[in-house]
Each structure stands twice: as C-alpha cells, then as structure tokens.
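Subject: Structure handover

Hi,

Please load it first, then read the notes below.

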Amino acid sequence: MENKNFDVIIIGGSYSGLSAGMSLGRSLRNVLIIDNGKPCNRQTPHSHNFVTHDGKTPAEIAKLAKEDVEKYDTVRFYNGTVVKTKKTTGGFEIETSSGEKFYAKKLILASGVKDIMPDIPGFEECWGISVIHCPYCHGYEVKNEVTGILYNGDMAYEFSKLIFNLTKTLTLFTNGKASLSKEQVEKLDQNKIILNEDEIEKIEHEKGSIQKIIFKNGKEIPLQALYAKIPFEQNFNVPGDLGCELTEHGFIKVDTMQKTTVPGVFACGDNVTMMRSVANAVAQGSFAGAVVNKELADEEF
C-alpha cells in the first residue's frame with residue numbers, strides 16, 4: 001500500500017467498523033480499515049434480531065457488509081493487527097504487527113472485546129452455540145427449553161428476570177456460594193427458579209451442543225441452553241496507548257457522540273457497551289462515521 005496517509009483509520013473491520021467506513025466513504029473521506037479477521041462471534045452459528053439479516057451466520061452478514069463497503073474507492077482495507085498507536089502533531093500514527101505504519105487525522109476504535117473463558121472444560125466449545133450471552137440475540141431459539149444461567153450476585157438476579165420470560169424451566173447456577181440477598185433468593189423461589197450453588201466440574205456436549213452439567217460432587221443436570229455472563233478485556237492495548245479512559249466495567253468511555261476522552265479518537269461497537277448485538281454495532285458505527293465526518297468538515301471549512 002503506497003499511500004500511508006488517511007483522513008480516518010478505523011481499527012476493526014467487523015459490523016461497527018464497516019458501518020463507520022461506509023458513512024465516511026460515502027462522504028468522500030479517505031479511509032483505511034485495519035482488521036485481523038478474528039471477530040468474537042466467529043463460532044456462533046446464527047445471528048438474530050437484525051432486520052433483513054435475521055438468521056444468517058455472523059460470517060455471512062460480515063461478508064455482505066464488506067462487499068457493500070468495497071464498492072467505495074474511498075475506503076481501503078488492510079489485513080493485519082494493530083500493535084501500537086500514538087498521537088502525532090497532525091493526528092495519529094498506527095503501527096501493525098508487520099511493522100507497517102499508517103497515519104490519520106482521526107481514529108475510530110471498532111476493535112471489539114475478547115471474552116475470557118472460565119476454567120470449565122466444555123465451556124469454550126459451547127460458547128456462542130448453546131452457551132449464550134444474549135436473550136435478544138438467541139433467546140427465541142431456545143424458548144421454553146430446559147435452561148440455565150451461569151452467574152452470581154445482583155446481575156444474576158436481574159438476568160433471571162429476563163430469561164424467566166422465555167422459559168419457566170430455569171436454574172441459576174452460581175458455581176459456588178451465592179452472593180444473593182435473602183429477598184432475592186425468596187423471589188427466585190416464588191417464581192420456581194432453582195438456585196444451584198454446586199461447583200461445576202465440566203460441561204458435557206456434542207459438537208458445542210450442551211447435554212448436561214457435571215458437578216464436582218458427582219451430580220449431573222441435563223440442560224439444553226445455558227446463558228453465561230463472563231468477563232472480557234479490550235482486544236489490545238490501543239486504548240491504553242492513547243490514554244483513553246475506561247469505565248468501571250472495562251468499556252472504552254464515550255459520550256453521546258461516540259467521542260472518547262482523547263480528542264480525535266472515537267469508539268463504537270462491543271468495546272463501548274454491554275449491549276452486544278449486530279444491530280447495535282451497525283447503528284453505532286454509522287453514527288460514529290457521521291460524527292467524525294462532521295468534525296473534519298468543521299475543521300476544514
């Protein structure tokens with residue numbers, strides 16, 4: 001790639017990054033999208049709750065999206081991983097793992113997050129298939145099935161309310177002593193939601209389809225679907241390099257215009273919100289692209 005200078009560099013070429021790229025490319029901005037082709041939902045067989053694409057695989061939606069963006073000669077793509085970013089006098093310098101450097105006036109972080117899998121054999125193999133994170137993305141497909149929730153504390157209680165609307169055969173697994181209040185436990189019991197505090201040994205499955213949970217005390221519970229809330233981290237230390245502030249939950253802190261705490265740096269998608277869905281990522285990306293274009297226009301006019 002001969003040209004190293006761009007109006008905007010977008011780190012991350014999944015739904016949010018592609019959507020931002022389209023907004024900017026259609027505004028005649030010179031854009032580079034850098035992506036390593038490893039989205040967090042690559043194991044998920046179907047994506048839902050996104051009109052016009054309901055039921056397609058995440059890979060299929062991303063492929064169609066990229067084909068749309070590739071129609072604009074204002075947008076370029078680079079297959080690689082960003083390892084370093086720094087502020088320069090005129091904007092930002094981006095360095096990839098191969099040592100190439102690119103420069104931009106503005107930067108959009110659409111880099112997503114990396115899920116941290118618990119030390120439970122079988123969990124990772126089922127993640128995104130039958131161990132799921134979002135009732136809006138996957139809940140309809142497992143409605144009325146024998147279902148579990150793997151979480152603890154106040155958020156587990158709140159999450160139980162949402163899942164209870166989808167199935168009445170529900171167990172909350174805390175994988176150890178529950179950190180719920182007496183009132184919360186009583187409310188779960190009133191709604192016939194079973195509370196299980198046994199420690200999990202492993203998840204037995206067939207090609208990612210959960211069959212049962214086996215506990216360290218030897219007990220076994222058959223299951224068809226398991227919702228899980230697991231920790232995550234930012235995909236790489238780019239926000240740290242730039243000095244972008246994170247929220248108490250580990251997301252990149254942005255305002256209502258998708259601006260981070262560092263001037264000229266914007267962020268959108270899974271790295272800024274707990275509402276992780278294709279539809280939300282697309283919406284945030286489109287908006288971020290429009291805001292960046294407006295900021296460039298204001299500066300150039």
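How many helices and strands does the protein have? It has eight helices and 17 strands. Both are DSSP runs numbered from the N terminus: helices are H or I with at least four residues, strands are E with at least two.

Two ground rules. This is a predicted model, so local features need pLDDT of at least 70 and side-chain atom pairs count only at pLDDT 80 or more, while totals for chains, interfaces and linings use all residues. Residues are numbered from 1 along each chain as its sequence is written, and side-chain values use heavy atoms, with hydrogens and water left out.

Overall dimensions
The C-alpha trace spans about 65 × 35 × 35 Å along its principal axes.

Burial and contacts
Of the 301 residues, 47% count as buried. Buried means under 20% relative accessible area, exposed over 50%, and partly exposed in between (1.4 Å probe, protein chains only). Of the contacts (heavy atoms within 4.5 Å) with a separation of 6 or more, 58% join residues 24 or more positions apart.

Helix H1
Helix H1 covers residues 15–25. Ten of its eleven residues are buried, so H1 is largely enclosed by the rest of the structure. Among the buried ones are Tyr 15, Leu 18 and Leu 24. Their cover includes strands E1 (5–11), E2 (31–35), E3 (75–79) and E6 (101–109). Helices H2 (58–70) and H8 (278–300) are also part of that cover.

Cysteines
The disulfide count is zero. The rule asks for a pair of cysteine sulfur atoms within 2.5 Å. Cys 137 is in no disulfide; its nearest cysteine sulfur, on Cys 134, is 3.3 Å away. Cys 137 counts as buried because its relative accessibility is 8%. Cys 268 is in no disulfide either, with the sulfur of Cys 244 nearest at 12 Å. At 1% relative accessibility, Cys 268 also counts as buried.

Met 257
Met 257 sits in the loop between helix H7 (238–242) and strand E17 (265–267). Its relative accessibility is 36%, so Met 257 counts as partly exposed. Leaving aside neighbours within four places in sequence, Met 257 contacts Phe 266, Phe 287 and Val 291. Its C-alpha atom is 9.5 Å from that of Ala 267, ten residues apart along the chain.

Best regards
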